[in-house]
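Dear colleague,

I am handing over a structure for you to look at, and below it I have set down what was found in it. Please keep it open beside you as you read.

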Amino acid sequence: MKLSDIADNAGSRKKRMRVGRGIGSGKGKQAGRGGKGQTARSGVRIKGFEGGQMPLHRRLPKRGFNNVFRVEYAEINLDRLQLAIDAKQLDTGSVINADALVKAGVLRRAKAGVRLLGRGEIKAKVNVEVHGASKAAIAAVEKAGGSVKVLAPAKAEGEAA
């Protein structure tokens, strides 16, 4: 056996069909695109068009709305906070705030602030500064001997001071 003897199995590699190469090729004239008009062209197609029938996305009723004033918080649970403390990512001696959480890699970004939620339990005594916290989270941190300071929500650009 030589290197030049190695070949694919017969029929495993099929040549692509070259379209628009004359009537004898089997894919001549319109090259498998049907008749003329918009659908025969490349890059144009009426999305959701149903032949003049009212399209599905227009037959269904509109629901809900998007609140443009909604404030998105980065959420963190107590169990995630405890894991970071156990892994020595966070220092319990200093204040734990949005900057400390992002710097430690616990959160990817602070968004409009951090909200502390009460899933899991916390054993370490920590001082936390967040923009929002659930009652359960505050109770759990204070039970462990720590404190939670809830900051005023961060002002958005253009908002009156």
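The chain has an accessible surface of about 13000 Å², and 51% of that surface belongs to carbon and sulfur atoms; accessible areas come from the Shrake-Rupley method with a 1.4 Å probe, and for residues only the protein chains shown count as cover. Please note that this is a predicted model, in which local features need pLDDT of at least 70 and side-chain atom pairs count only at pLDDT 80 or more, while totals for chains, interfaces and linings use all residues. Residues are numbered from 1 along each chain as its sequence is written, and side-chain values use heavy atoms, with hydrogens and water left out.

The chain as a whole

The secondary structure comes to four helices and five strands, where helices (H or I, at least four residues) and strands (E, at least two) are DSSP runs numbered from the N terminus. The radius of gyration, taken over C-alpha atoms, is 31 Å, well over the 15 Å that the globule rule (2.2 Å times the number of residues to the power 0.38) gives for 161 residues, so the chain is more spread out than a compact globule. Along the principal axes, the C-alpha atoms fill a box of roughly 85 × 65 × 30 Å. Of the 161 residues, 22% are buried, a word that stands for under 20% relative accessible area, whereas exposed stands for over 50% and partly exposed for what lies in between (1.4 Å probe, protein chains only).

The nonpolar core

A nonpolar core is a set of buried Ala, Val, Leu, Ile, Met, Phe, Trp, Tyr and Cys residues joined through side-chain atoms within 4.5 Å. The largest one has 24 residues, of which Ile-76, Leu-81, Leu-90, Leu-101, Leu-116 and Val-126 touch the most other members. Two or more residues each come from β1 (74-77), α2 (78-86), α3 (98-104), β2 (114-117), β3 (127-130) and α4 (135-143), and α2 gives the largest share, four residues.

Which residues of α2 are buried? They are Leu-78, Leu-81, Gln-82, Ala-84 and Ile-85, and they lie on the same side of α2, because they cover an arc of only 160 degrees around the axis (taken from the directions from the helix axis to the C-beta atoms). The buried residues of α2 pack against β1, α3, β2, β3 and α4.

A residue at the surface

Lys-143 is found in helix α4 and counts as exposed, at 76% relative accessibility.

With best wishes

Key. Contact means heavy atoms within 4.5 Å.
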